[in-house]
Amino acid sequence: MATLLAATRLSRPLAQLAVKSARLKDAAAGRRWPLPEVCVSVLSQPGRRTYGTDVEEIGERPVLITGCDSGFGYALAKYLHEKGFIIYAGCLLKDQGRGGSKDLDAMKSDRMRTVQLNVCDSEDVARAVDHMTATLKNPETGLWGLVNNAGISTFGEVEFTSMDTYKEVAEVNLWGTIRTTKAFLPLIRRAKGRVVNISSMMGRMANPARSPYCITKFGVEAFSDCLRYEMRPHDVKVCIVEPGNFIAGTSLYSPDRIQAIADKMWDELPEIVRRDYGRKYFDEQIAKMESYCSSGSSDTSPVIESIAHALMSISPYTRYHPMDYYWWLRMQVMTHMPAAISDRLYIY
Ligand SMILES: NC(=O)c1ccc[n+]([C@@H]2O[C@H](COP(=O)([O-])OP(=O)(O)OC[C@H]3O[C@@H](n4cnc5c(N)ncnc54)[C@H](OP(=O)(O)O)[C@@H]3O)[C@@H](O)[C@H]2O)c1
């Protein structure tokens with residue numbers, strides 16, 4: 001029985017992750033969104049619940065993705081474009097002619113539209129709503145998908161982290177997600193579409209030295225749950241994607257960035273904290289962070305396919321867990337077992 005339970009636990013993320021493209025029947029005659037390629041779980045067995053594997057005919061449905069200058073956002077924009085979506089790629093650096101927007105514009109596709117979008121700037125967000133309303137084929141049929149992907153990260157123990165740092169990370173990850181969602185919900189409701197929020201495994205389980213990031217992702221989880229309940233009567237689905245460690249495949253951290261954060265943190269530490277913890281301890285923590293950042297997967301496809309499934313499946317999952325088995329198991333233990341056990345297993 002114990003083996004069966006363990007096997008069931010372990011097979012679930014496999015079923016979610018192992019998705020492949022398949023060409024299904026053509027769009028119904030007369031549909032304006034002729035469509036094509038879809039995601040199908042290869043591991044679903046006949047006779048089992050298969051609701052998660054049924055897929056929508058997507059066609060040229062519009063989707064807005066935030067944070068497309070690099071990482072998941074950039075890869076997702078290209079992936080969904082290939083699937084036939086109309087992409088509105090929100091880019092922080094478009095106005096400056098830098099970042100991913102240059103490459104995405106260079107595709108010269110009518111379905112790849114970059115938009116200047118700083119999720120911390122209400123005016124930028126309002127301008128993006130106006131721009132999209134003006135350029136959607138029919139604003140009354142709305143926006144099919146909003147992927148809140150823009151994010152930043154940092155690290156540092158509570159005593160090492162300034163209030164400015166807490167606020168800076170929350171401004172992008174949490175308030176940015178909420179601001180953008182509120183602004184686009186009228187368009188999403190019209191389409192009976194999808195909101196997909198990129199959280200993190202750190203939005204489910206906390207970790208020492210990650211409080212400035214964890215609190216924002218826990219916030220994204222709570223916001224998404226509340227929104228999901230509220231949107232159900234409107235037929236809008238709200239999904240959360242909780243990636244594990246894919247830092248090696250994105251620009252969230254680089255060795256230079258880690259060093260820059262560390263130098264600034266040490267310089268700004270209150271004297272008493274600096275003295276009590278000491279430089280040796282501080283350097284050890286930075287080394288741990290460097291090692292964590294270089295230990296992740298550089299293949300971001302599980303994340304991209306999870307987001308695509310959330311946008312394309314008739315019955316998408318509430319939560320997606322693209323992560324390796326170590327982190328998946330750790331997350332289950334941390335979220336389901338008494339803290340007295342899980343803390344001892346993974347933290348102390
Ligand atoms: N990589 C991982 O292992 C991992 C794991 C769990 C969750 N996540 C989450 O996944 C999401 C994407 O991150 P990523 O790993 O792909 O990192 P990334 O490569 O750094 O991508 C994040 C993007 O967000 C953009 N951005 C930052 N501040 C913004 C703002 N105010 N407005 C609009 N865009 C802004 C960044 O633009 P600039 O490049 O111009 O700064 C960048 O293009 C984030 O929410 C992150 O927390 C990542």
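The questions below go from confidence to helix packing and then to the ligand.

Reader: What is the mean pLDDT of the protein chain?
Author: This is a predicted model, in which local features need pLDDT of at least 70, side-chain atom pairs count only at pLDDT 80 or more, and totals for chains, interfaces and linings use all residues. Residues are numbered from 1 along each chain as its sequence is written. The pLDDT is the predictor's confidence in each residue, from 0 to 100. In the protein chain, 84% of the residues reach 70 or more, and the mean pLDDT is 88.

Reader: Are α7 and α8 roughly parallel or roughly antiparallel?
Author: Helices (DSSP runs of H or I, at least four residues, numbered from the N terminus) are compared through their axes, which are lines fitted to C-alpha atoms over the stretch in contact, with angles from 0 to 180 degrees between N-to-C directions. Helix α7 (residues 255-268) and helix α8 (residues 271-294) pack at about 155°, with axes 11 Å apart. Angles under 35 degrees count as roughly parallel and those over 145 as roughly antiparallel, while 65 to 115 is roughly perpendicular and the rest oblique. The angle therefore makes α7, relative to α8, roughly antiparallel.

Reader: How many charged residues does the contact of α7 with α8 have?
Author: Two residues are in contact if their C-beta atoms, placed from the backbone, lie within 7 Å, and here Pro-255, Ile-258, Ala-262 and Trp-266 in α7 meet Phe-282, Ile-286, Met-289, Glu-290 and Cys-293 in α8. Ala, Val, Leu, Ile, Met, Phe, Trp, Tyr, Cys and Pro count as nonpolar, Asp, Glu, Lys and Arg as charged, and the others, Gly among them, as polar. By class, this contact has 8 nonpolar residues, no polar ones, and, as charged residues, 1.

Reader: How are α5 and α6 oriented to each other?
Author: The axes of α5 and helix α6 (residues 211-231) come within 8 Å and cross at roughly 20°. The two helices are therefore, in relation to each other, roughly parallel.

Reader: Which helix gives the most to the shell around the ligand?
Author: A residue is near a molecule if its C-beta atom, placed from the backbone, lies within 6 Å of it, and of the 31 residues around the ligand, Gly-67, Gly-71, Ala-150, Gly-151 and Thr-250 come nearest. Both α2 (71-83) and α5 (163-191) supply at least two residues each to this shell. With 3 residues, the helix that gives the most is α2.
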